[in-house]
Amino acid sequence: MDLSNLLDPRLLIVTGKGGVGKSSVAAALAVAAARSGRRTCLVEVEGRQTFSRLFSTPAWSFSETEFRPGLFGLSVDPEASLREYLDMFYGARRVARFVSHNSAVEFATAAAPGIKDVLLIGKVKEMERRRRPDGHFTYDLVVLDAPPTGRIVNFLRAPDATTELVSVGPIRQQAQSLVDLLLDPARTAVTLVTLLEEMPVTETAESAAALRELGVAVGPVLVNRVLDERIGDAEAKALAEMGAPDLRELLAAADLPVDDAAAQALLEAGDGHLRRVDLQRRMRGELSRRVALPTLELPYVWADRFGDAEVGRLADVVETALGDA
Ligand SMILES: Nc1ncnc2c1ncn2[C@@H]1O[C@H](COP(=O)(O)OP(=O)(O)O)[C@@H](O)[C@H]1O
Ligand SMILES: [Mg+2]
């Protein structure tokens, strides 16, 4: 799979180590997909309202809303899915007659620990399969902001685990159809988001291997928060040899008088930037050695508040990459 196929699966599962920017990147992919004319649905699974905050929209709910032209949003709450499921198969009245909804949820979760994930993926599958009256799929692309990498393999194994636990009945059938969805490369791909830092790169390599072993198609790696390399090698060398008094003298000659403390702070800022850029280069090498997948680098976008405009900037980069690939 190369970069040009990034948005081709019908279900794109976006994951990575916590805090690397999964949600931001999932949002950018969904925006880029909608811009390309794909009817797209962006899904959050833990009811955190990450996206309604990011896009400054009213709160998202368990029913899809079109928050931008061609771009829909859904917030899946596992408890709500489980209730919907129990109602569907066992009838709301029957369930309510014996137990309150809450204890029904507790009971079902205790009986089959994987069931919540089955229901989450089940909801996504329903959306992926849904068709309009004219026969076309309702969505060209569903982008799932999935749990962090640490949980993703279990999340993907959940249907299997449940298949073993619940060996008969509707849940078993449902679980098997989800395994089919996740293992079909024409329908599903997992995209890992990473940073050019030690831990995320290591985790990305391990996740890619684990996912492949499960038989899941792993798409391009999205490398987030990449710094511009604004200082060339020659300047870096000169900077390394420079002391605060030298810089102070240079700046004074350019009509920019600073004191020693300010000159020292400038040198330290430059040094910090160079160290981070150096780490980036080493980690870029490490990533390409350890993960044989195409990568797309997304820039660090400076903002007081990361919102619509910043997501748009990341989407620009995705769009350009799809066009160039
Ligand atoms: N490309 C980027 N440039 C700058 N900040 C970013 C970028 N991507 C994400 N962030 C910031 O990093 C933090 C974590 O991003 P988020 O998408 O919430 O990560 P995750 O979903 O992996 O926990 C947020 O504060 C977000 O605004
Ligand atoms: Mg998130």
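In which hand does H10 pass H12? The crossing of H10 with H12 is left-handed, a term used when the near helix is turned anticlockwise from the far one by less than a right angle, with right-handed used if it is turned clockwise. The model is predicted, so local features need pLDDT of at least 70 and side-chain atom pairs count only at pLDDT 80 or more, while totals for chains, interfaces and linings use all residues. Residues are numbered from 1 along each chain as its sequence is written, chains are lettered from A and ligands numbered from 1 in the order in which they are written, and side-chain values use heavy atoms, with hydrogens and water left out.

**View 1. Helices H10 and H12.**
The axes of H10 (residues 233-241) and H12 (residues 260-290) come within 11 Å and cross at roughly 130°. Helices (H or I, at least four residues) and strands (E, at least two) are DSSP runs numbered from the N terminus; axes are lines fitted to C-alpha atoms, for helices over the stretch in contact, and angles run from 0 to 180 degrees between N-to-C directions. H10 and H12 are therefore oblique to each other; angles under 35 degrees count as roughly parallel, over 145 as roughly antiparallel, 65 to 115 as roughly perpendicular and the rest as oblique. Asp233, Ala236 and Leu239 of H10 meet Leu267, Gly270, Leu274 and Arg281 of H12, where contact means heavy atoms within 4.5 Å. These residues comprise four nonpolar, one polar and two charged; Ala, Val, Leu, Ile, Met, Phe, Trp, Tyr, Cys and Pro count as nonpolar, Asp, Glu, Lys and Arg as charged, and the others, Gly among them, as polar.

**View 2. Helices H9 and H12.**
H9 (residues 198-214) packs with H12 at about 10°, their axes being 10 Å apart. H9 is therefore roughly parallel to H12. Glu198, Val201, Thr202, Thr204 and Ala205 of H9 make the contact with Met283, Glu286, Leu287 and Arg290 of H12.

**View 3. Helices H1 and H13.**
H1 (residues 22-35) and H13 (residues 308-324) pack at about 60°, with axes 8 Å apart. This angle makes H1 oblique to H13. Their crossing is right-handed. The contact includes Ser24 and Ala27 of H1 and Val311 and Gly312 of H13.

**View 4. Surroundings of ligand 1.**
Among the 13 residues around ligand 1, Lys22, Ser23, Ser24, Arg225 and Val301 come nearest; a residue counts as near if one of its heavy atoms lies within 4 Å. A polar side-chain atom of Ser24 is 2.6 Å from an oxygen atom of ligand 1. A polar backbone atom of Lys22 lies 2.8 Å from an oxygen atom of the ligand.

Conventions:
Polar contact = N/O pair within 3.5 Å; in protein donor to acceptor, adjacent residues only side chain to side chain.
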